[in-house]
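I opened the model to look up a few residues, a helix pair and the nonpolar cores. My entries follow in the order in which I made them.

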Amino acid sequence: MSYSKFIARLVTQHRARVWIGVFLIAGVSLYILITRLTLDTEVLNLLPAKFESVQGLKVYNNDFAQTRELTFALSCQPNDVDRLEEFAPIFAQRLREQPWSTRVLAGSPMESPEAIKDLQGLAVPLLLNLEPQAFSDTLAILQPEKLQARLARLHHEIEAGSPRPEFELQLDPLGVVAPALKPFSGNAALEQDQPLTSADRTMRVFLAVTNQPSISAFDCQALMKKVNAFRAGASAGWEGAGPLEVLVTGRSAYVAEISLSMRHDITVTLLGSIFLVGGVFFVGFRRWLPLVGMGFSLLLCCLVALAAGLLIFHELNMVTIGMCAILIGLGVDFAILIFGRYQQARNEGAEHAPAIEAAVAKLGRAIFFGALTTAVGFMALLLANSGGFTQLGVLIAIGILVAALFMTSVFFLFTREHSRPPRNDWILAVVRLYVRRTLRTPGLILWIALPILVILFALALLPQLPLIFDASTRSMEPKSSAAGYALAKIMGKMPTRWEPVLAVVRAPNEEQLHEYWQKIENRWRSLEKTGAIKSFSTPAALALSPRRMAANRQRLRTIDFDAARRALEEAIAREGFSRESFAAGFTLLDQLEAVARGTMPVPDWRKALPPSSSWWFLVDRYFAADPLLTVGFVTTNKPVETHDQKEMLMRELPVDGVPMTLSGWSFTLTDLIPWSHRQLILISTLMAFFDGFLLALLYRDWRLWLIQIATLALAIGAMIATMKLAHIPLNLLNVLAFRLVLAIGVDYGIYVLLVWQRAREIEHDVAGVLKPVLLAGLTAIAGFGSLGLANNPTLSGLGIACAIGLAWSLFATIFFTLPAAAIAEPMSIEARKLLAGT
Amino acid sequence: MMISRFALLASFVLIALSGLQAEPLAPPDVKALLDRVRAKRAGAPQVQADFQEEKTVHLMNKPISSTGKVWFQKPDKFRREVTGNSPSVTVSDGKQLWIYYPKFKSAEHYSLGKHSPLDAGIAALTAALNLENVENSYHITGGKLENGYELQLAPRNPSLKRLLKTFNIQMNSDLQVERTEMVQPNGDHIVTNYSKESRAPIEPSTFEFTPPAGTDVTTPLGR
């Protein structure tokens, strides 16, 4: 028994069994989904894992505290700057009082007495970590005559009105804290690297670390709900003449927005797809039940594909949302084709079961090959070496093969024996008219369509008209993103510096970490001197050496602390200083003595800093939660944009024997852009070769093969030209559109040419397939076009690019493939009829 | 960046006169007084005078006294030389500030014009010496003294408020500043008496400073 006969009998005579089978499949798939569903929300998993820069970016994004940092900004009118200055501390205090806020940085830590006290707490370990010579020089300050000379100088400076003594005595009454902090201070100039007030004073920035339990989408949404509630009332008490804008940005703000916009995207695109696809289907066939059947079968395909994906990959990336949309776009074609052929058979008087058999027999092969080309095309995504795209490729491949199976079987459960197609089918009539004209005067159609396609193809190749490639992070932000708006506004007001290159260094122990950063500092300092890099900052000052600290502790024992105390007391009295001003100095002397004698351990600087200390903002910049995982920053002379710059940095920045991962978004893009270009060319080329091979096997006719290849080339060319002319940019995701258009577009040609090749009544048979192809094309265009409604620009970009490509594929199939085939294989209608025996 | 560093700078830049009991002036009279001061100084945008200063600072047990000479030229150039056992020279050309200690052969260098509290301190100094646009930065009240006038300046903006609590200027009947008195939020108190005011032209080089060879130059506020 043939497959078509088997299916026809199954769906007409054993409907209950088929339904049971369907429910079983759906039940098992749902069970797998419910019990095993784990979503991978890491955007970076969409990028190819083979690049070290991508790995570095993932480490930096996941392990460093900046992931829990929110940036708030207050923005006012120029005439309200004084009001803003008065209001800023009130806002900062409100921010500190929020239950979700762990600590807040509202200005330089040096402005706060608490932060200065915190800094004194770091003095002992940092002092003991000084290099031997610097340690000796610093200890020499404790010699009685030097203590006296220093206080005399300070007295003199106070008389002169210098601001220095006040600061010096506040931070370092003894004179040893500043030298101890010197290596640290190079990196502590937060204000210079990251100013918190704009030059025109109309904007103040506040950094807040939150206590959100994780950086998952749900936790980010929960946090941002509270943050937005806070924002709503945060400007209470503002007395400026103009409004005060309270802005917030940061990873959590973005994740919350993106995840919420996904929900919006799913709803809008799904409703859009249902409305548009359903509308086209109904206009074409004027039947509701098959439309429900199509939706049901597609849903089943998605369920099976997702369940299979979970079994294979154990978790699903968020890009699989795109999978469902793509699968629907592809699967709809099969349903329309098979139903179109079924209806045609019914129109010609066939009964229900024979019409099913005829539809499957006539189009089963074309659908199978269509599904196969698409599946293989998407399996090519495995070559991208990206977790997200690998999943996408495999899931679509599984889904599309399942769709081919279900559309030629399950779908027929939604067709009825008593349901006759409408007698008056105007679409079919128009299509028949067009096919008749094409068969009579194919040259005329071709001479109209071909120049359009060729001109567009030439435009696509024209290098003077570039195709925009937008790889910026902005290209992945949701449209009208509040977090994006806040970031853009802050960047606009603040002196913009380009993003530094990150150097992630992990060490097995503290001593090794210290050695690594010492070596790196030496290397980078020489690069800075030669001008190879502009500047750098590292955690070297806080990467302490246990060995050096032990040695310095021994040397500390040689200090006569009693003499130092006496000398300090005498100098204070002689110069007329208040003893209170030196209280912290006496405490430090006591601590140093206790450490030297061994009655007190060397304080752990991490424990010395209270959790609310502003200095954590600096520490967290360099250290991950794991203190042996660190990052240094290199500012280049120009923004990193080219592969040559990246190569130079890869050559110069690493140090022998130090495991270092260089990264940063700009740096990573220098890997990703050539990668995505390569992917575009390599995978599309491989796919084109595969398609070419498959088509040759399918047609075994070089003329039809050539026509099909030319159709694909012209359609892709027209797609590129349209994108160029309409300034529609490519981004890291919508480069996928090319292989999608190839995968779907080739199917249109296959359906038409296979029928052409085997048609007995050419006008009847070709019109019979061209109408479903037209409807399938229109539904696919509508389906992908509805993705354009998505907030996510990558998703909407993908939808728009695919809609454009499919529109041109359909155009090329109807107005080029068909007339070209008629010219290439000019079998007369009479000859065909003769062949058909009619 | 380091606001607290500037707390004492205020004591350096703000030179105070002690307040006496004064008969209050109505706001229009204060405005008229300021207009008269400006009109008088319009022809000679520079001033030089001797000063005697007494500072009571929380870091010291006893007040510190010093004497010297000050030069000022609109809008923001000044020089201040302290004589005696602890000599020092402070010079600003409006863009940078130098404090030189000849005894130690050392100098401090500060950059101005970065909207820092240091600029606020310098603005306070210029307010005392030229009273131009002073209404923009201070709430001003005034009084008539037996032989002159008194102006009480209360800072308007937060950056000045951090440096200055009250600032009184006493002028004689010729509208010459005789005494200023400044109280800082931390309780520091500076009283300065001026004498021998002159509006003779001042050499431009007065407001320039190049550290002598061998001077140890530091930049306490960094870049």
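**Entry 1: a residue in chain B**

Residues are numbered from 1 along each chain as its sequence is written, while chains are lettered from A and ligands numbered from 1 in the order in which they are written.

I placed B:Met171 in strand 10 (residues 166–172) of chain B. Helices (H or I, at least four residues) and strands (E, at least two) are DSSP runs, numbered from the N terminus. Beyond four places in sequence, I listed B:Gly148, B:Tyr149, B:Gln176, B:Val177 and B:Glu178 as contacts of B:Met171; a contact here means C-beta atoms, placed from the backbone, within 7 Å. I also noted that B:Asn147 is 24 residues from B:Met171 along the chain, with 8.4 Å between their C-alpha atoms.

**Entry 2: chain B as a whole**

I counted five helices and 13 strands in chain B. Of its 223 residues, 45% count as buried. The mean pLDDT of chain B is 80, and 85% of its residues reach 70 or more; pLDDT is the predictor's confidence in each residue, from 0 to 100. Over residues 1–20 of chain B, pLDDT stays under 50, and the model has 95 contacts beyond four places in sequence for them. Where pLDDT is low, the predicted coordinates should not be read in detail. For the model I wrote down ipTM 0.80 and pTM 0.69.

**Entry 3: chain A and one tryptophan**

I counted 33 helices and ten strands in chain A. It has 838 residues, of which 48% count as buried. I found A:Trp517 in helix 21 (residues 510–530) of chain A. A:Trp517 counts as buried because it has 26 C-beta neighbours inside 10 Å. Leaving aside neighbours within four places in sequence, its contacts are A:Thr538, A:Pro539, A:Ala540 and A:Ala543.

**Entry 4: a helix pair**

I checked helix 23 (residues 561–575) and helix 24 (residues 583–597) of chain A, whose axes come within 10 Å and cross at roughly 175 degrees. Helix 23 of chain A is therefore roughly antiparallel to helix 24 of chain A. From helix 23 of chain A, A:Phe561, A:Ala564, A:Arg565 and A:Leu568 meet A:Gly585, A:Phe586, A:Leu589, A:Leu592 and A:Glu593 of helix 24. Axes are lines fitted to C-alpha atoms, for helices over the stretch in contact, and angles run from 0 to 180 degrees between N-to-C directions. Angles under 35 degrees count as roughly parallel, over 145 as roughly antiparallel, 65 to 115 as roughly perpendicular and the rest as oblique.

**Entry 5: the cores**

Which residues touch the most other members of the largest nonpolar core? I found A:Leu327, A:Ile338, A:Ala403, A:Val741 and A:Val752, in a core of 255 residues. Helix 32 (residues 793–824) of chain A gives the most to this core, with 19 residues. Apart from it lies another core of 44 residues, including B:Trp98 and B:Leu129. A nonpolar core is a set of buried Ala, Val, Leu, Ile, Met, Phe, Trp, Tyr and Cys residues joined through C-beta atoms within 7 Å.

Note on methods: Predicted model: local features only at pLDDT ≥ 70, side-chain atom pairs only at ≥ 80, totals over all residues. Buried ≥ 20, exposed ≤ 12 C-beta atoms within 10 Å, placed from the backbone. Contact = placed C-beta atoms within 7 Å.
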